[in-house]
Amino acid sequence: MATITTTTEGHATAKAALTLGALGVVFGDIGTSPLYTVQTVFNPRDPHPVGASVDNVFGVISLIFWAVTIVVTITYVLLVMRADNEGEGGIMALITLIRRRDIGAFRTRWLLAGLGLFGASLFLGDSMITPAISVLSAVEGLKVAAPSLTSLVVPITVGVIVALFLLQRLGSSVVGRLFGPVMALWFTVVAACGLRGITKHPEILKAVSPTYALDFFFNHFSTAFFALAAVVLAVTGAEALYADMGHFGRPAITRAWVALVLPALVLSYMGQGALVIDNPKNIASPFFLLAPHWARWPLLFLAALATIIASQAVITGAFSVARQAVQLGYLPRLHVIHTSEETMGQVYVPWINWLLLVSVVTLVLTFESSSALAFAYGMAVTGTITITTLLFFYIVRYHWGKPLWLVALGAGPLLTVDLFFLAANATKITHGAWLPLLIAITAFTVLTTWQRGRQIVTRKREGEEGPLREFIDVLRRPDPRVERVPGTAVFLNRTKVTTPLAMRATVKHLHVLSENVVILSIETQPVPHVPREERLVTDDLGYTDDGIMHATVRFGYMDVPNVPSVLRQVAEADVESTIDVWEASYFLSTVDLSLSDNPGMARWRKRLFLALTRISADAAEYFRLPRDRTVVMGSRIEV
């Protein structure tokens with residue numbers, strides 16, 4: 001009995017730790033939404049202002065409550081998080097689920113995959129806007145705590161953001177342990193401040209009734225419709241619940257949401273609503289005015305910590321999305337640094353980090369306030385949510401085989417809500433909503449251009465490489481000009497159909513070939529991880545006495561492509577193998593690309609593709625090859 005009790009207690013402790021971890025990483029973005037949501041709805045500088053009348057306040061707070069309930073609780077927590085790809089979530093997981101299964105019309109699958117790719121592009125825009133608006137909204141607490149320091153809001157914000165991005169190279173493993181307790185304190189304080197506001201007008205709790213939202217929406221449609229563009233800010237970060245599911249699991253995220261995050265957010269929004277009813281002038285900064293005067297400086301510092309955590313979450317998400325895009329062939333090889341020996345998912349991508357830093361600082365200096373930036377924020381959020389909902393219900397219909405009437409019953413109301421939010425944010429295009437669209441279109445163009453360019457180069461490269469089996473047949477014929485020398489040579493190649501360019505060049509120009517030759521092909525599967533026992537497939541290519549073999553290595557898009565480690569598996573697979581793992585030489589085949597007038601892509605896209613090749617990480621470093629035993633050989637191809 002004691003053993004059972006200990007086991008049960010240990011299981012409960014592990015669950016609590018996992019829930020606390022999820023609290024720190026997953027909910028930073030949505031947890032800081034109360035800083036700016038209500039303030040933005042009633043912003044008098046909005047091109048479609050909402051007056052702070054009692055009826056409007058009840059309607060807005062009710063809309064916020066039901067937006068959080070429908071979009072986050074129902075769409076994400078109860079539904080979308082059930083669609084995982086080997087435990088991993090996020091819009092990239094939905095894309096791979098659609099691509100990997102031959103179900104549904106071909107054109108529809110690829111159209112939805114392209115739409116999902118655009119959603120991932122919107123997320124990159126979100127990764128730029130979130131740090132800017134979150135840190136700005138926290139530092140703007142100075143306007144309440146110390147009005148004389150208002151002019152320092154932008155400089156302090158820029159300083160915090162620069163420091164945040166400079167620290168990324170250190171990794172988040174150490175800081176991550178502090179995230180959970182800090183966010184637990186944040187949500188507790190947020191709830192307490194909300195309760196303090198509610199005591200001024202307890203009747204605000206009636207706003208949980210959908211009748212207030214419906215009455216506001218249908219009887220004051222024009223006002224309510226434009227208010228949706230700001231109301232949607234209450235659900236920013238919903239995608240993070242899904243994207244980080246692979247780190248913590250659906251149960252831990254659900255527990256944290258239901259037990260603490262949701263109640264704290266609802267109390268905060270209710271309290272802010274009560275405060276605005278008490279005095280409409282409180283719309284200037286309703287979140288910070290909820291706190292008593294003595295607590296505003298501590299709340300300001302706590303808010304700054306919370307927004308840094310929120311920013312850290314989306315920055316880390318951008319690194320993960322970029323890494324997955326590389327693995328799936330949508331981006332060139334980028335230099336990826338793993339910042340934790342224990343957690344493979346903790347990565348740092350320098351090129352993405354500096355791109356985000358420049359972009360975020362530019363946004364802060366351009367918009368200068370969280371209210372102005374909020375007009376841009378909503379478009380990125382609503383676009384991603386709408387695409388996620390659409391892809392999810394396609395999977396429900398064609399992957400899970402649910403009847404059409406059931407899919408329509410669920411998708412109809414949820415997509416209607418999403419489309420209303422999207423349409424409301426479309427009215428803000430001229431007021432800043434163009435920004436995330438421009439970022440997404442740019443990112444989408446980069447992703448698709450790289451994919452198309454790779455296809456063109458691959459096709460031309462295959463013509464130069466020639467068939468592998470024919471080349472080996474030639475090698476097996478007695479030829480005094482070609483000498484087999486001691487050692488092991490590993491030639492990295494895309495497939496086992498064509499001959500590695502480096503291998504062909506070695507034989508043609510140097511007239512030598514190692515006694516042991518491994519032609520290694522690396523395949524990235526549309527799954528997060530490939531088990532070690534399923535990772536390697538060897539093939540002697542029909543010959544058992546010439547020392548030449550082919551090995552196919554399968555990695556998931558979240559795995560680290562460590563070639564020397566895999567080579568040890570090749571040696572282990574054959575107990576009689578003479579492969580010298582520790583002294584093997586690695587040969588890389590590279591191509592020098594040049595611009596041409598050949599058909600296949602527009603000239604401007606060819607220039608973009610060639611520019612992207614210049615940021616590609618060194619192949620030897622990407623595949624973890626030993627520098628002192630790596631030889632690079634190549635040829636020239638026109639695109």
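How many nonpolar, polar and charged residues does the lining of the second largest cavity have? The search was run on a predicted model, in which local features need pLDDT of at least 70, side-chain atom pairs count only at pLDDT 80 or more, and totals for chains, interfaces and linings use all residues. Residues are numbered from 1 along each chain as its sequence is written, and side-chain values use heavy atoms, with hydrogens and water left out.

The structure holds 4 cavities of 30 Å³ or more (a cavity is a set of points, on a 1 Å grid over the protein atoms alone, where a 1.4 Å probe fits but cannot get out; lining residues have an atom within 4 Å of a point). The second largest cavity has a volume of about 50 Å³, the space filled by probe spheres set on grid points joined across faces, edges and corners. Its lining consists of Ile61, Ile64, Phe65, Val68, Val266, Tyr269 and Met270. Helix 4 (54-79) and helix 14 (250-278) each give two or more of these residues, and helix 4 provides the largest share, 4 residues (helices are DSSP runs of H or I, at least four residues, and strands runs of E, at least two, numbered from the N terminus). To return to the opening question, this lining has 7 nonpolar, no polar and no charged residues (Ala, Val, Leu, Ile, Met, Phe, Trp, Tyr, Cys and Pro count as nonpolar, Asp, Glu, Lys and Arg as charged, and the others, Gly among them, as polar).

Helix 20 contributes the largest share, 7 residues, and the lining divides into 21 nonpolar, 13 polar and 8 charged residues.

Notes. On a 1 Å grid over the protein atoms alone, a cavity is a set of points where a 1.4 Å probe fits but cannot get out, and a pocket is an open set with protein on both sides within 12 Å along at least five of seven lines; lining residues have an atom within 4 Å of a point.
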